[in-house]
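Work through the following exercises with the sequence and the model open beside you. Try each task before you read its solution.

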Amino acid sequence: MGAIEEVYEDLDTDVEFEEFEAAVEDKVEQMGGLADEETAAMLIAHELRDEEADTIADIEPGMNEVKFLGKVTAIGEIRTFERDDEEAEEGRVCNVDVADASGSVRVALWDDMAAAAEEELEVGQVLRVMGRPKEGYSGLEVSADKVEPDEDAEVDVQVLDTYQVEDLTLGASDVDLVGQVLDTDSIRTFDRDDGSEGRVANLTVGDETGRVRVTLWDDKADLAEEFEAGEVVEVGDGYVRERDGDLELHVGDRGTVERVDEDVEYVPETTDIADLEIDQTVDIAGGVIETDPKRTFDRDDGSEGQVRNVRIKDETGEIRVALWGDKADRDIDLADRVVFTDVEIQDGWQDDLEASANWRSTVSVLDGESEAAAASATTGSGADGSGAGDDRGADETGLGAFAEDGQKAAAEAVAGESGGDDGSGPSGGAAAATTDRSAADVEFTGTVVQTGDPVVLDDGTQTKTVDTDASLRLGEEITVRGPERDGTIDADDVF
C-alpha cells in the first residue's frame with residue numbers, strides 16, 4: 001500500500017479516493033517539489049478534517065466548506081430572484097432549517113436543489129449537508145453545494161406540531177408554544193458589530209410543564225409592551241437557543257406572539273422559605289408583609305440603578321426580596337401573594353438570608369389575596385368588634401373584610417402576627433374580639449423591619465405594627481410605649 005493510500009485509510013471522509021489522490025497530486029505540483037506525496041497527502045487530510053464539523057455548533061463563517069449531519073425542522077417556501085446576468089434564467093432558493101443536539105442552522109438550497117426540496121424533503125428527515133458557511137440576514141447559514149438524505153443516521157432532535165415547555169430542546173426551530181405570560185421586561189438597545197442598533201426584550205411564559213424565557217429581537221421587541229402578566233399567548237415560529245446554561249425560546253423576523261383565548265395553568269414548584277440556603281437559585285412564594293420605597297443609586301460606570309425591597313412570608317418563615325432594575329417598578333402591595341422565580345439566595349443584613357431578583361428572575365402577582373391574609377381575614381375581628389362567626393356576607397370576605405385601615409390590617413393579616421398571652425393581638429380570635437378596645441398601655445421592643453405607615457417591629461418571636469410619626473431607619477432597634485388597639489400600638493413614646 002502506498003503513502004497516499006495509507007493516509008486515506010486513516011481519514012474518515014466522504015471524499016472518494018480518486019478525488020483525494022488528484023488533490024494530493026495538485027498539492028505536490030503547487031509546492032514545486034517541496035513536498036513529497038506523503039507530506040501532500042497529510043496536508044490534504046488536515047484540510048479535510050478542518051472541514052468536517054462534528055456538530056452544527058462547530059460551524060463557523062470562516063470555514064471554506066463544511067460537512068455535517070442534521071435533522072430537518074422546517075422547510076421554507078421557494079423564492080425567486082433575478083440574476084445579474086439579464087439573459088440567465090430566474091434563480092430559485094429554498095431555506096431549510098436543520099438541527100442536531102448542539103444547535104440549528106439555516107441551509108440555503110439553490111435552483112434545482114430548491115425544487116427538489118419542495119417536492120421530496122420532509123420535516124424530520126436526516127440530511128448530510130456539504131456547503132459553505134456565511135453570515136446571512138438572520139445569522140449563520142450554509143449555502144449548500146450538496147445535500148443527501150441519510151435514512152440510517154439518527155439525530156436526537158424532537159420535531160413536534162406544537163410544543164410544551166418540557167418539549168423544548170436545543171436546536172429546535174419552527175416552534176409553536178402556548179403559555180401564560182408570567183413577566184415582561186422593558187425594551188433594551190445594543191450596538192451590533194456592523195454599527196447598526198439592535199433591540200431586544202423578554203417575556204417569560206409558563207405552562208403545566210414549566211416556564212421559559214422568550215427573547216424578542218428588533219421589531220418583535222415591541223410585542224413585550226402589548227401583554228400583561230396572566231394573559232395567554234401563542235408563540236409561533238420560535239427557535240431554541242441556550243444562554244447561561246438555560247434554554248430560551250427566541251422570536252426573530254419570522255416569529256409571532258399573539259394573544260389567544262385558551263386556558264393555560266402554570267403552577268410553580270416553590271421552595272419553603274425555611275429550607276432556603278445561601279447560594280441557591282430557587283422559586284419562592286408568599287404573602288407580602290412589608291414594602292419599602294424604591295431607592296436609586298449610582299453604579300461604578302456612572303449609570304443609575306434602582307432597587308426596592310419587599311418582605312414575604314409563607315407557612316414556614318419569611319424573607320426579604322430585593323427587586324433590581326425594572327423589577328423595582330412592579331406594582332406589589334401589602335397582602336399580595338407573589339411568586340418569585342430564579343431568585344438567588346444571598347447573605348443579607350444581620351446574617352439574615354435575602355433573595356435577589358435580577359434580570360433572570362420573574363415576578364408574578366397572583367390573583368386574589370394571600371392565603372395568610374385570607375385566613376386572618378376570616379378569623380380576625382370585624383369592624384364592629386364581632387368575631388369571625390358573625391353574619392358577614394360572602395362578598396365581605398378577603399381584602400374587603402380587613403379593618404378600616406386597609407393597608408395596616410393587611411400587613412397584620414399577612415404577617416399572621418400573634419398577640420400576647422392576654423389575647424390582645426388579632427390572633428386572640430373571638431376572645432380578642434369581645435375584649436375592651438381601650439386597652440392599657442403596652443411596651444414593646446423590636447427591630448424596625450418596615451418604615452412608613454405603618455411601622456412594623458419584630459422582636460424575633462412576634463411582629464407588631466406601630467402608629468407613629470417618628471423618623472425611623474430600617475434595622476434600628478427601638479422601644480415603643482402606648483395603648484394597643486386592634487393589634488396596633490399607638491405610640492406615645494418612642495425611644
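**Exercise 1.** Is Arg 259 buried, partly exposed or exposed, judged by its relative accessible area?

*Solution.* Begin with the ground rules: this is a predicted model, in which local features need pLDDT of at least 70 and side-chain atom pairs count only at pLDDT 80 or more, while totals for chains, interfaces and linings use all residues. Residues are numbered from 1 along each chain as its sequence is written, and side-chain values use heavy atoms, with hydrogens and water left out. Next take the classes: buried means under 20% relative accessible area, exposed means over 50%, and partly exposed lies in between, with a 1.4 Å probe and protein chains only. Arg 259 has a relative accessible area of 48%, so it is partly exposed.

**Exercise 2.** Which side chain meets that of Arg 259 in a salt bridge, and where do the two partners lie in the chain?

*Solution.* A salt bridge here is a side-chain nitrogen of Lys or Arg within 4 Å of a carboxyl oxygen of Asp or Glu. The partner is Glu 231, with a distance of 2.6 Å from N to O. Glu 231 sits in the loop between strand 10 (210-217) and strand 11 (232-243), whereas Arg 259 belongs to strand 13 (residues 256-259), so that distant parts of the chain, 28 residues apart, are linked. Strands are DSSP runs (E, at least two residues), numbered from the N terminus. Glu 231 is likewise partly exposed, because its relative accessible area is 23%.

**Exercise 3.** How many salt bridges does a search of the whole structure find, and which parts of the chain does the pair of Lys 464 and Glu 484 tie together?

*Solution.* The search finds 24 salt bridges. In one of them, the closest N and O atoms of Lys 464 and Glu 484 are 2.9 Å apart. Lys 464 lies in strand 23 (residues 463-467) and Glu 484 in strand 24, so this pair ties together parts that are 20 residues apart in sequence. Both Lys 464 and Glu 484 are buried. Salt bridges with shared partners also join Asp 97, Arg 106 and Arg 254 into one network.

**Exercise 4.** Where is Asp 185 found, and which side chain does a polar contact of 3.4 Å join to that of Asp 185?

*Solution.* Asp 185 is found in the loop between strand 7 (175-184) and strand 8 (188-191). Because its relative accessible area is 16%, Asp 185 is buried. The polar contact joins the side chain of Asp 185 to that of Arg 213; such a contact is a pair of N or O atoms within 3.5 Å, where, within protein, one must be able to donate a hydrogen and the other to accept it, and residues adjacent in sequence count only if both atoms are side-chain atoms.

**Exercise 5.** Why does the pair of Phe 297 and Trp 324 count as edge-to-face?

*Solution.* Rings of Phe, Tyr and Trp (its six-membered ring) pair if their centres lie within 6.5 Å, and planes under 30 degrees apart count as stacked, over 60 as edge-to-face and the rest as tilted. The structure holds 5 aromatic pairs. The ring centres of Phe 297 and Trp 324 are 5.9 Å apart and their planes stand at 85 degrees, so the pair is edge-to-face. Phe 297 lies in strand 15 (residues 295-298) and Trp 324 in strand 17 (residues 318-324), 27 residues apart. Phe 297 is partly exposed at 29% relative accessible area, and Trp 324 is partly exposed at 36%.

Key
Helix = DSSP H or I, 4+ residues; strand = E, 2+ residues; numbered from the N terminus.
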